[in-house]
Amino acid sequence: MCMVIFAPHNEEHNSYFHLLFAIFAFATCGGYSGGLRLSVDCVNKTESNLSIDIAFAYPFRLHQVTFEVPTCEGKERQKLALIGDSSSSAEFFVTVAVFAFLYSLAATVVYIFFQNKYRENNRGPLI
């Protein structure tokens with residue numbers, strides 16, 4: 001994604017695509033949520049739970065997601081948690097997406113409002 005966003009501009013190519021790609025990159029990582037379905041099958045079928053739904057979402061701190069499962073020893077239930085913490089990778093990706101969005105927004109504003117400076121000097125606008 002960053003190679004597309006940091007590509008050089010010229011008058012033939014429209015820089016709106018850079019802004020559009022940055023918006024899509026940001027939108028795909030910020031609101032993700034997922035789920036997992038487990039089943040516990042006990043010898044005594046009345047104690048089994050064949051549908052345990054577990055929901056998780058961004059920023060993927062899975063060790064904080066808890067759920068209850070039957071212990072197959074009476075009516076007791078045990079509280080468990082998922083394993084893992086992928087929050088640093090997810091937050092890094094969101095940070096890169098936000099910076100890419102801000103860069104493409106600034107590049108679009110400079111390109112639109114200083115287009116006459118581009119035509120005077122092909123090295124870039126001198127603001």
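Here is a short chat about a predicted model, covering its disulfide and its nonpolar core.

Q: Okay, which cysteines does the disulfide join?
A: Cysteine 42 and cysteine 72, with an S to S distance of 1.7 Å.

Q: And what is a disulfide, again?
A: A covalent bond between the sulfur atoms of two cysteines.

Q: Where in the chain do cysteine 42 and cysteine 72 sit?
A: Cysteine 42 is in the loop between strand 1 (33–40) and strand 2 (49–57). Cysteine 72 is in the loop between strand 3 (66–70) and strand 4 (77–81). They are 30 residues apart, so the pair links distant parts of the chain.

Q: Is that disulfide left-handed or right-handed?
A: Left-handed, because the torsion about the S-S bond is about -70°.

Q: Is cysteine 42 buried or exposed?
A: Buried: its relative accessibility is 4%, which is under the 20% cut-off.

Q: What about cysteine 72?
A: Cysteine 72 counts as partly exposed, because its relative accessibility is 31%.

Q: New topic! How many residues are in the largest nonpolar core?
A: Twelve, and Cys42 is one of them. Others include Ile52, Ile54, Phe56, Phe60 and Ala90.

Q: Which strand gives the most to this core?
A: Strand 2, with three residues. Strand 2 and strand 3 each supply at least two.

Q: Last one: what is phenylalanine 60 in contact with, leaving aside its neighbours within four places in sequence?
A: Tyr32, Asp85, Ser86, Ser87 and Ala90.

Conventions. Residues are numbered from 1 along each chain as its sequence is written. This is a predicted model: local features need pLDDT of at least 70, side-chain atom pairs count only at pLDDT 80 or more; totals for chains, interfaces and linings use all residues. Side-chain values use heavy atoms; hydrogens and water are left out. A disulfide is a pair of cysteine sulfur atoms within 2.5 Å. Helices (H or I, at least four residues) and strands (E, at least two) are DSSP runs, numbered from the N terminus. Buried means under 20% relative accessible area, exposed over 50%, partly exposed in between (1.4 Å probe, protein chains only). A nonpolar core is a set of buried Ala, Val, Leu, Ile, Met, Phe, Trp, Tyr and Cys residues joined through side-chain atoms within 4.5 Å. Contact means heavy atoms within 4.5 Å.
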